[in-house]
Amino acid sequence: MTTRPRARTASRRAEETDLCQVRAIHPEQVEAVRQSLLPLESATRTAALFAVLNDPTRLQVLFALLHAPAGELCVCDLAAGLGRDDTTISHQLRVLRTQGIVGLRKVGRVVYYRLVDDHVRQLLELGLAHASEPAGGPAAVSEAVEVSA
């Protein structure tokens with residue numbers, strides 16, 4: 001029994017057209033990339049930050065802290081406000097604290113959490129703004145222009 005070669009699918013052809021056929025077309029661009037290369041340690045730390053933010057519950061906790069009237073909330077208030085149990089919220093806050101995203105303040109037995117700095121605020125606000133853009137937003141328009149050019 002002989003088998004015929006399978007026809008290429010459209011997605012396979014598209015993948016193949018995205019591959020470079022030569023090692024470097026623009027040596028000056030390659031050099032520019034090498035000159036501005038993100039160090040591995042920075043890339044690893046930034047990836048870890050984004051990995052921590054890759055959880056809907058943690059993002060809800062951060063959003064609540066971002067909009068807390070006093071700038072901080074205790075675990076009980078966060079849990080009640082988010083409709084979650086104290087254990088879940090405590091765990092998420094521990095993860096966020098380990099990554100240096102939230103800080104705490106103790107008053108007796110009550111622990112209050114807050115965002116550590118404006119960088120976290122800006123990151124959240126930019127992420128939320130980007131996520132609320134329509135799917136065919138500015139990036140899609142610029143890609144369409146490049147393709148047709």
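Residues are numbered from 1 along each chain as its sequence is written, and side-chain values use heavy atoms, with hydrogens and water left out. Because the model is predicted, local features need pLDDT of at least 70 and side-chain atom pairs count only at pLDDT 80 or more, while totals for chains, interfaces and linings use all residues.

**Stop 1: the sheet**

Select β1, β2 and β3. Strands (E, at least two residues) and helices (H or I, at least four) are DSSP runs, numbered from the N terminus. The three strands form an open sheet in the order β1-β3-β2, with antiparallel pairing. β1 and β2 are the edges, each with a single partner strand, so one side of each has no neighbour in the sheet. Two strands count as paired if DSSP finds at least two bridges between them.

Take the β1 side. β1 and β3 pair over two bridges, in the antiparallel sense. Leu73 stands opposite Tyr113 in β3.

Now the β2 side. β2 and β3 are also antiparallel, over six bridges. Pick out Lys106, opposite Val111 in β3, and Arg105, opposite Tyr112 in β3. The two strands form a hairpin with two residues between them. Select Gly108 in that turn: its phi is positive, about 65°.

**Stop 2: the two faces of β3**

Show the side chains of residues 110-115. In a regular strand, side chains alternate between the two faces of the sheet. Here Val111, Tyr113 and Leu115 point to one face and are buried. The burial classes use relative accessible area: buried is under 20%, exposed is over 50%, and partly exposed is in between (1.4 Å probe, protein chains only).

**Stop 3: the salt bridges**

How many salt bridges does a search of the whole structure find? It finds two. The criterion is a side-chain nitrogen of Lys or Arg within 4 Å of a carboxyl oxygen of Asp or Glu.

Stay on Arg105. Arg105 forms a salt bridge with Glu72, the closest N and O atoms being 2.2 Å apart. Arg105 lies in strand β2 (residues 102-107) and Glu72 in the loop between α4 (56-66) and β1 (73-74), so the pair ties together parts 33 residues apart in sequence. Arg105 is partly exposed at 38% relative accessibility. Glu72 is buried at 17%.

Move to helix α7 (residues 118-131), which holds both Arg121 and Asp118. They are three residues apart, about one turn of the helix. Their closest N and O atoms are 3.4 Å apart in the salt bridge. Arg121 is partly exposed at 26% relative accessibility. Asp118 is partly exposed as well, at 49%.

**Stop 4: the cysteines**

Select Cys74 and Cys76. Are they bonded or too far apart for a bond? The sulfur of Cys74 is 5.1 Å from the closest cysteine sulfur, in Cys76, which is too far. A disulfide is a pair of cysteine sulfur atoms within 2.5 Å. By this rule the count is zero. Cys76 is in no disulfide.
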